[in-house]
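I opened this entry to record what I looked up in the model.

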Amino acid sequence: MRTTSSTILEERRDQIHRTGEGAIDIACNRESLAGAVSQRACVFCGSRVVLYPIADALHLVHGPIGCAVYTWDIRGSLSSGPELHRLSFSTDLQETDVIFGGEKKLAAALDELIDRHSPKAAFVYSTCIVGLIGDDLEAVCRKMTEKKGIPVLPVMSEGFKGNKRAGYLAACKAMFRLIGKGDTADISPVSINILGDFNLAGEIWIIREYFERMGVEVVANITGDGRVADIARCHGAALNLVQCSGATLDLAKMMQEEFGTPFKRVSYLGIEDMADSLYQVADFFKDMDPGIVERTQALVREELGKLMPELARYRRDLEGKKVAMYVGGSFKAFSLVKAFRHLGMKVVVVGSQTGTKEDYAELAEITDPGTVIIDDANPLELSHFIKEKDVDVFVGGVKERPIAYKLGVGFCDHNHERKEALEGFRGMLNFAREIHSSAMSPVWQFAPRRANRANLAKEARKEAANE
Amino acid sequence: MSKVKTARPNFVSTTNACKLCTPLGASLAFRGVEGAIPFLHGSQGCATYMRRYIISHFREPVDIASSALGEKNAIYGGGPNLKKGILNVMKKYEPKLIGVATTCLTETIGDDVPMYFGEFYKEFGDLDLPELVRVSTPSYNGTHMDGWHGAVRSMVEQLCLEKAPATGRVNILPSLVSCEDVRHLRDICDHFGIEATILPDISETLDGPALEDYVKIPEGGTPIGDIKTMSGSRATIEFGRCLPAKSGGASLEERFGIPNHRLGLPMGLRESDRFFETLEDISGKAMPRRYELERGRLVDAYVDGHKYIFGKRAVVYGEEDLVVGLCAFLSEIGVDVVLAGTGARNKGLEKAIAKVTDGVARIAPEVREAVDFHDIAAEAGELAPDLLVGHSKGYRYAKAWNVPLVRVGFPIHDRFGGQRTLTLGYKGTQALFDRVVNAVIEKKQADSPIGYGYI
Ligand code: SF4
Ligand code: SF4
């Protein structure tokens with residue numbers, strides 16, 4: 001039964017929808033409500049998420065220490081070479097800087113750090129306070145570019161100037177300034193860029209291998225395991241593949257406009273979406289490379305042949321279990337809904353930090369009646385729906401984990417901090433394994449919510465037997 | 001000869017900071033009060049980042065509200081959002097206290113929180129309002145420890161307003177220690193027959209049991225009524241040799257004449273002795289036998305283990321007072337602290353360390369304030385440490401130098417159970433001692449081609 005509860009604030013009612021109950025018209029992309037304990041971060045967070053994995057660039061956070069220190073090496077983005085991205089650099093603004101302006105300090109910091117680390121480029125992130133004191137990042141960066149001979153790029157990511165999506169755009173704008181600078185002469189006509197994958201737990205390496213087997217050259221990873229030089233010549237690729245709904249779509253659009261590079265939106269999560277992504281690419285190149293479709297089919301067949309029997313084993317245990325998920329970008333949610341179907345599981349709650357109206361409409365289409373769809377949720381709402389729907393597994397990030405655990409519900413980290421590769425066919429198997437170990441552990445029997453329910457059921461059975 | 005260099009002459013940028021920002025400390029302190037919810041007055045990102053960071057250590061839900069300021073608010077002031085946010089938190093969480101900490105943003109635009117509070121009381125005085133406590137926490141002016149101490153003092157000053165009738169209780173201001181440490185402190189007081197008001201008390205609120213339901217605000221924490229009557233206590237004990245002059249304990253002493261005992265964190269034998277002696281003085285009771293025994297066992301262990309660790313060289317880093325406590329402990333057991341660093345500045349770290357290591361340390365450590373891990377690494381290279389002692393963030397360096405890291409403090413992000421790590425008193429020192437000795441033995445085993453199974 002539907003509970004109307006005080007856990008949902010009046011002002012947030014139009015950000016929640018149930019599939020099947022009328023046309024979907026979710027309010028989204030608005031500022032988080034004061035006092036609502038949103039799970040969302042800020043513009044800076046959005047920029048940091050996108051640019052962070054560029055491993056040979058210096059990432060300098062211009063602001064007081066917090067913004068930099070909370071983002072120090074917390075993500076699972078791996079690099080096959082340099083690891084500059086795993087260090088946390090900050091101008092660590094002090095009171096005098098706030099009063100007199102931080103430009104001098106910023107210039108000195110860049111001077112010091114660029115000499116120390118010889119990066120291929122530097123990204124300078126502005127934070128809330130920099131927006132207020134009005135430092136001219138653009139000017140400082142321009143001078144530094146001249147002085148050091150590497151691109152020094154401002155990222156206009158003042159935290160309060162919108163939400164995470166605005167940060168994605170700021171990051172794309174900064175990266176776009178790199179593109180078009182490199183030599184593209186020896187790039188194959190059958191070539192792509194991988195956009196919007198962050199190489200969490202080495203996922204991009206799995207995906208790149210598929211493309212290599214298909215005979216497709218990957219020019220640049222944007223941004224997982226990313227390199228400045230690759231990005232500078234990525235306009236030479238024939239096609240952009242954009243994964244995830246928000247993060248790098250803006251960049252693809254800019255490239256289409258400026259360089260005419262077409263793009264396709266893809267997903268590497270789950271079986272259908274992974275296969276479909278590969279087929280889309282094969283289809284795109286089939287006139288140039290007649291054998292590519294067959295090669296792709298063979299690849300998919302081979303991978304599925306390995307995967308399916310193993311999946312079936314997990315499915316036996318998981319059949320019928322219920323899932324809630326709260327993700328950053330809603331595009332990921334589409335793939336996950338499908339992936340869970342392969343495990344015989346049903347998604348009953350799905351929320352996102354940054355979904356758009358179109359995203360939510362699509363979610364309403366692919367989910368079963370009664371599924372709760374929710375924009376910009378908070379702990380009380382999430383726990384409310386987890387209980388109402390009595391879910392078995394919750395998919396989210398670190399902030400969501402204790403909510404699940406306190407309710408005696410299994411949890412799968414599907415966020416930027418994950419240490420398990422969940423993309424590709426191999427990732428699907430890891431995913432199944434992780435969901436299995438999340439849902440099937442005997443510990444849930446002892447979690448009070450479940451334990452008490454089991455006791456009640458036992459008593460009811462006893463009573464029935466006595467009658 | 002003084003070896004301290006407080007600020008680097010070339011201080012420009014920070015690489016891998018050895019400190020956290022001010023409102024985080026305030027949020028943690030507010031979390032240790034019954035029915036309280038921390039509230040950051042600023043933009044949404046700060047609150048979310050801090051929640052994430054704190055959750056990774058405690059593995060507990062950590063709800064921190066935010067006034068979620070946007071661009072307009074940043075220009076026209078955050079008052080309306082602050083009030084709306086407080087109302088929303090009241091509606092959803094029904095808190096007994098809302099602890100409002102400012103962020104860099106609202107400090108810089110000069111938002112006048114006391115004035116907003118005044119307006120709020122006027123507008124909504126007819127509602128059943130929670131206690132509202134405010135603390136000013138610009139991060140460009142301090143670290144998370146300043147936020148912590150500031151929040152504690154704010155609570156004492158804004159809740160404890162008049163002289164209460166004598167309660168016979170003792171106030172304990174424990175500083176940022178683990179949940180297990182707080183539980184241990186409470187036990188000790190119990191055994192001395194002392195009723196203690198521990199402020200804040202995170203022992204349950206940040207290390208709660210599994211429950212039937214998701215509770216909006218976890219149970220436990222210092223009861224607000226107890227805070228209000230701290231002015232009637234017998235004495236205050238506050239831990240920290242690097243505390244600001246204006247601390248919670250100092251405020252109670254100044255305003256109500258409650259004797260304030262400022263002690264170092266009871267880590268190591270001598271600092272623990274000071275704590276237990278103080279409890280004997282205050283309670284008029286001799287040390288309970290169980291602590292005599294704990295102390296005796298600790299000395300026994302010191303003797304049994306001394307050879308494994310004598311002359312080992314340790315690098316210690318973290319919160320200023322934790323660093324002091326660790327130096328007190330390590331120098332007692334014959335470990336040479338070669339470098340002691342904190343990200344905070346102007347805390348009198350060198351003096352405090354000199355005091356607690358006097359008579360036992362074989363060398364005076366290099367003492368550094370305002371350091372980051374880049375600086376620590378730069379110096380530690382030459383210092384050739386055998387051991388790192390501090391929070392998780394030193395892991396990369398320990399790995400690079402192939403030396404063990406004994407994890408203490410906040411955050412512990414790469415091990416399980418940081419919130420249950422005991423470090424205080426004889427028992428905590430014992431636990432720490434065992435870990436240090438074992439870390440050295442383990443390293444010796446790992447490095448040995450022979451593989452001694454008996455050491
Ligand atoms: S702006 Fe200030 S309060 Fe916010 S995270 Fe950064 S340092 Fe901390
Ligand atoms: S100060 Fe601004 S940029 Fe930094 S974390 Fe807070 S909201 Fe984000």
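**Sheet in chain B**

I began with the strands of chain B, where four of them form an open sheet in the order β3-β2-β4-β5 with parallel pairing. At the edges stand β3 and β5 (131-135) of chain B, each with a single partner strand, so one side of each has no neighbour in the sheet. I keep in mind that this is a predicted model.

I then examined one pair within the sheet. Strand β2 (residues 36-41) of chain B and strand β4 (residues 97-102) of chain B run parallel and are joined by six bridges. Opposite I37(B) I found I98(B) in β4(B). For my own reference, strands of a sheet pair through backbone hydrogen bonds, in either the parallel or the antiparallel sense.

**Interface of chains A and B**

How many residues of each chain are in contact with the other? I noted 66 residues of chain B against 67 residues of chain A. The area buried between the two chains is about 6000 Å², and carbon and sulfur atoms give 60% of this area. Three residues, Y49(B), K92(B) and Y140(B), supply 13% of the area that chain B buries against chain A, more than any other three residues.

I next looked up the polar side of this interface. The rule finds 25 residue pairs in polar contact across the interface, both residues being at pLDDT 80 or more. On the side of chain B that touches chain A, the elements giving two or more residues include β1 (14-15), α2 (44-58) and α15 (373-383) of chain B. Of the elements there, α2(B) gives the most, with 10 residues. Divided by class, that side of chain B has 28 nonpolar, 22 polar and 16 charged residues.

The count of salt bridges between chain B and chain A is five. I recorded a salt bridge between the side chains of K19(B) and D92(A), at 2.9 Å from N to O.

Strand β3 (residues 89-90) of chain A pairs with β1(B) in the antiparallel sense over two bridges. There I identified T15(B) in β1(B) as the bridge partner of F89(A).

**Ligand sites**

Where does ligand 1 lie? I located ligand 1 between chains A and B. Its surroundings comprise P64(A), G66(A), C67(A), C21(B), P23(B), C46(B), M50(B), T103(B), C104(B) and S139(B). Two or more residues of this shell come from each of α2 (65-69) of chain A and α2 of chain B. By class, the shell around ligand 1 has seven nonpolar residues, three polar and no charged.

For ligand 2, I listed C42(A), F44(A), C67(A), T127(A), C128(A), G159(A), S43(B), G45(B), C46(B) and Y49(B) around it. The site of ligand 2 is shared between chains, because residues from chains A and B surround this ligand. The largest share of the shell around ligand 2 comes from α2(B), with three residues. I classed this shell as six nonpolar, four polar and no charged residues.

**Salt bridges over all chains**

Notes. Residues numbered from 1 in each chain as written. Chains lettered and ligands numbered in written order. Predicted model: local features only at pLDDT ≥ 70, side-chain atom pairs only at ≥ 80, totals over all residues. Heavy atoms only, no water. Contact = heavy atoms within 4.5 Å. Buried area = accessible area lost by both parts, 1.4 Å probe. Salt bridge = Lys/Arg side-chain N within 4 Å of Asp/Glu carboxyl O. Polar contact = N/O pair within 3.5 Å; in protein donor to acceptor, adjacent residues only side chain to side chain. Helix = DSSP H or I, 4+ residues; strand = E, 2+ residues; numbered from the N terminus. Nonpolar A, V, L, I, M, F, W, Y, C, P; charged D, E, K, R; others polar. Pairing = 2+ DSSP bridges. Near = heavy atom within 4 Å.
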